[in-house]
Amino acid sequence: MNTYTIVEKYAAAYSRDEGRLSGKDDSQSSIHYPTVFLFIGDKAGDAIEPMIRVNERKWDNSAGVMYIHALSRNAVASATASGSRIVRLVLPVDAGHAPDKSKTLRRDVHRQFHEHNHERFELNRVLRQVSGDIAEYGRLYASFDRIHLAIITMVDDPLNVLVPEITLLADAIFRQSFKSVQMDLYVLINEREQAETFGYASSAGVAFLREVDYMQSPDYAFSAPLHVTEDGISIEVTHPASPLFDLVYVLTDKNERGMSTFAEEDNYEIICHMNLLKNRKQSSSGRLHEMDNYNNTSLRNNVMTESGRLGYVSAGLSKVARPNHSIALAVLYHFYRGLIDRMKAAPERTPAEKLSWFGLDPQAIAARVERVVPDEERLSDMNGIMTHNISFSQLKRMTLREAEQALFGSGCNAYFRDNYEQVADKAFRDLPDGELLHMVRERLAMPADTSFYQVYAWTNEADEGDSVWPLLHSRIRDAGRALETARAELEQKYAETVEEQSFQRVPLLDKHNVRNFIRCFFNTVYRRKREVLRLETELRLYRKYEAELERLHEIHAKHVQQMESLEETLRDAALMSIRRADDYIGQNIMEYYERVTADIMQEIEAKRGPGTFGEERYMGSLARLLEQGTDALAARLCEVCRTHILTAAPFRQTFEEELLQRANVMIEYSNQEVLSKDELFKKLYRMLEEHAGIHVRLLDYTHEHRYEEKYFFGDAMSEFMRYALGEEETSRIYKLGCVHEQRSSGVEKLNIMGGFQIEDLLYYRNGKMYYESYEQNGYQFHGIRSEVLPPIR
């Protein structure tokens, strides 16, 4: 999972949870009777998971809703929707896709279904299993007297030729467990997807619409041996003369004005809202606050013509709500920026103090040298080295180097090599690799006023202003010069004669004088040799730490680059989400939430102290997180934002309060351009109406039997809802209703329009010529005789 996916998942989860209407100030609606969604056709499978997500957001008891997907045998392998409440109803048919279609595809699907009598037993078994499973959700529903069956199909899917058979088989089986079954058909038309196969797809769509017109006629009757027992005995399923469905809804991907700016999921939300209107469990608060509740019988009667022909229904949905997805990403970005600002804001330090922070001050280096180079006490042991028998008179005119050779040969050099040089070299080599790296890593893991931004700057040779390199190089040069001086002084000492040395001489006591010289020799020459070794070791340590500082810079340069890359990703994600939001609803999100996030961070620090965000309960060590990659840091940022930032008081405002404050965030309060609450409500009200355009294109906007109802979903007692209902009352010529939901996150408006006929659809008018031409060219679209279908209008 990459960083963008992580932050999108976080924003989507926040938006989903806020829209689920289950927060402290929100409450979800519940459906009264059990509901089953039956998706017919291979293409309809794409609608299942979005439909589930919508229902989960809106319905408190959505966990009891069942979903059935009736699909062809050759589509089983590619079906993606899965879950405990998703049941596959595999039909005994093969439905080729558009490139492989035959001239008789729909007719062949119908024929295959009726020929495989023995395979229909499996359909019976699956539907009975669904009926039994519903009973397990008894505690979620107020009543089991009725079941609502919503059939969803794509208009051009060849399997919808079996809509009557599958629907009536499900109806017959469900009636054995429920007193009544209310069935509605939702026909989805996706004109954009028909671009390449517009001729055949349009013809198949028109064919299905003719069949729907037939199914909805008052004299529609059906009888077929669809019931099949485990012993292979077939039983007739009959439907007496009457419309098959309570209502048929037609939803396209274009609205009345021909625009297709809305998302495909909007049609699923409309289906969810229509089912909620028909099947809503009334709460005590709802009965107190609601007005003109939905009446299905009234709607059905009003979309029926005087001749008794049942009209079709469509709808449009709009919403004004907090743009929670954009808000979550804007807050995430500003929280991250706040962390960066805090990390960069370190107290001023001198170069010496910076080196000291790394443990590279002279005292610390000297202490390390002393731990590596053995102390001077071992020099006293050199007095025990065997000497050659030589008189002082022979020694006194020799140089110290000659005297050492005469007295000890190579013994002193060997002793110093074994007990000092080799011991120091081993101790140096035993120093841990990356000692400085480990120390810095541990220091950065602690909440403090120094971050890897400072480490990066201090170790940057290209920036001498903040860098420790000039002072470090100066100290290395000083150490080098000191070493050269010590070596020169040692050579100079070796060149001196024994006679020039200051030690006690006693006449006539030759051996005593030799011993005194030896003590003097060790104290002067080998103390100098140890000093040279100490300075060599100091220089080696500087070189070692010099390399480690270079490595530190590489590591933290990468961390800084990772931080910059993540900042760009977060900013782009926030801005992209804001661009997708409505221009008005999405205004000033970055500016407003920059202030809100900064205030919340300051409040947290005021309560818990500076450096709070470096504690483990918050972000912990960002350097440690970056070692795992930017994905780990992004995930932790999302977690902290959800837990500590997005739960703060400013995010519990009503959507009207939040939008009003955000709209005015760039305006001084003394400015006359400040947006008033009434002006805001007026704009929101107009937006709701403009965006709730009906999702169907008709030849005539004002067709003769047009009937409309409009419903608000939201808190009936909120200021905005009272304003909106008051505005509607002034000039309405349609039924107006309000579904009370105790929530502060937004308001939705559902516009329902019905009474049109199949021939009023622009889709039908445009596709009719393809349908007629394809039939003339030998295509057969129907499983039943064309003569029984209504005439082509």
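How many cavities of 30 Å³ or more does the count come to? I looked this up in a predicted model. The count comes to two.

**Largest cavity**

I started with the volume. The largest cavity holds about 80 Å³ of space. Next I listed its lining. Met154, Leu188, Ile189, Asn190 and Arg192 belong to it, among others. I then asked which elements supply at least two residues each. They are β5 (180-189), β8 (247-252) and α7 (265-278). By type, I noted five nonpolar, three polar and three charged residues in this lining.

**Second largest cavity**

Here the volume is about 50 Å³. Leu209, Arg210 and Asp213 are among the lining residues. I found five nonpolar and four charged residues here, but no polar ones.

**Largest pocket**

I turned to the pockets. The largest pocket has a volume of about 1,600 Å³. It is lined by 43 residues, and those closest to its centre are Ala263, Asp266, Glu269, Lys319 and Arg580. Several elements give two or more residues to the lining, including α1 (3-19), α2 (48-58), α7, α10 (324-344) and α20 (510-580). I also noted α25 (677-691) and β12 (746-756) among them. The largest share, five residues, comes from β9. That strand spans 312-321. My last entry is the make-up of the pocket lining: 14 nonpolar, 14 polar and 15 charged residues.

Methods:
Residues are numbered from 1 along each chain as its sequence is written. This is a predicted model: local features need pLDDT of at least 70, side-chain atom pairs count only at pLDDT 80 or more; totals for chains, interfaces and linings use all residues. Side-chain values use heavy atoms; hydrogens and water are left out. On a 1 Å grid over the protein atoms alone, a cavity is a set of points where a 1.4 Å probe fits but cannot get out, and a pocket is an open set with protein on both sides within 12 Å along at least five of seven lines; lining residues have an atom within 4 Å of a point. Grid points are joined across faces, edges and corners, and a volume is the space filled by probe spheres set on the points. Helices (H or I, at least four residues) and strands (E, at least two) are DSSP runs, numbered from the N terminus. Ala, Val, Leu, Ile, Met, Phe, Trp, Tyr, Cys and Pro count as nonpolar, Asp, Glu, Lys and Arg as charged, and the others, Gly among them, as polar.
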